[in-house]
Amino acid sequence: MSLAAETREAARARPFVLDALRAGVLNHSAAAAWLADEAGLDGDPDAIATALRRFREELSDYATADRAASVSMRSGVGVVDGDSLEDADPLLRVGGAAVVPEGRDTAILATGTVDAAALAAVLRRLAAADVAVEAAGVAGETLVVVVGRRDGAIAVRIAEASLAVVPSQED
């Protein structure tokens, strides 16, 4: 594989590098030196920087889209072993775990135009705000994120803000 192909692969494996490239805010020289170390690229940093510049020309510009969704909060939920469900109607069920309307956590629900990209945007912003997520999922027109009781209000604001600027992928 050529150094240019290895550089493109290394950038795609690190979504923040790809986002920065698409947004036109990447310091190519610094990113090249970092990728040489981080991804083990065997090449001159100047050649890697050139490969990054050329790769940028192939990418669409960074863009976001507003997702039409209603965001609400439901207090008193918990994550339990799915086998222990009796009559509970879970908000979310994944494998052997379920989010049920009994517990000490808070569920953030977004209904409308949501998908995996919307969930990823919400989770990324929650992580940046140091809000711990107990469970999360999306299906159909519903997105669910479970956070600690005290983080509910900030998580609602973050979810609303995140859904207004979900990165759109065109590459």
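**View 1. The lining of the largest pocket, sorted by residue class.** Nine nonpolar, two polar and four charged residues make up the lining of the largest pocket. Keep in mind as you look around that this is a predicted model. The pocket itself has a volume of about 350 Å³, and 15 residues line it. Look for Asp19, Tyr62, Ala121, Arg124 and Pro167 to find the middle, as these lie nearest the pocket's centre.

**View 2. Where the pocket lining comes from.** Which elements each supply at least two residues of the lining? They are helix 2 (15-23), helix 5 (116-128) and strand 7 (166-168). Helix 5 gives the most, putting five residues into the lining of the largest pocket.

**View 3. Helix 1 against helix 4.** Here helix 1 (residues 3-12) packs with helix 4 (residues 45-58) at an angle of about 65°, and their axes are 9 Å apart. Angles of 65 to 115 degrees count as roughly perpendicular, so that is how helix 1 and helix 4 sit relative to each other. Their crossing is right-handed. On the helix 1 side you'll find Leu3, Ala4, Thr7, Arg8, Ala11 and Arg12, which meet Ala47, Ile48, Ala51, Leu52, Phe55 and Glu58 of helix 4. Sorted by class, this contact has eight nonpolar residues, one polar and three charged.

**View 4. Helix 3 against helix 4.** Now turn to helix 3 (residues 28-38), which packs with helix 4 at an angle of about 115°, with 8 Å between their axes. The crossing of helix 3 and helix 4 is right-handed. Which residues of helix 4 does helix 3 meet? Pro45, Ile48, Ala49, Leu52 and Arg53 are in contact with His28, Ser29, Ala31, Ala32, Leu35 and Ala36 of helix 3. This contact has eight nonpolar residues, two polar and one charged.

Notes. Residues numbered from 1 in each chain as written. Predicted model: local features only at pLDDT ≥ 70, side-chain atom pairs only at ≥ 80, totals over all residues. Heavy atoms only, no water. 1 Å grid on protein atoms, 1.4 Å probe; cavity = no way out; pocket = protein on both sides within 12 Å on 5 of 7 lines; lining within 4 Å. Points joined across faces, edges and corners; volume = space filled by probe spheres on them. Helix = DSSP H or I, 4+ residues; strand = E, 2+ residues; numbered from the N terminus. Nonpolar A, V, L, I, M, F, W, Y, C, P; charged D, E, K, R; others polar. Axes fitted to C-alpha atoms, helices over the stretch in contact; angles between N-to-C directions. Parallel < 35°, antiparallel > 145°, perpendicular 65-115°, else oblique. Left-handed = near helix turned anticlockwise from the far one by under 90°. Contact = heavy atoms within 4.5 Å.
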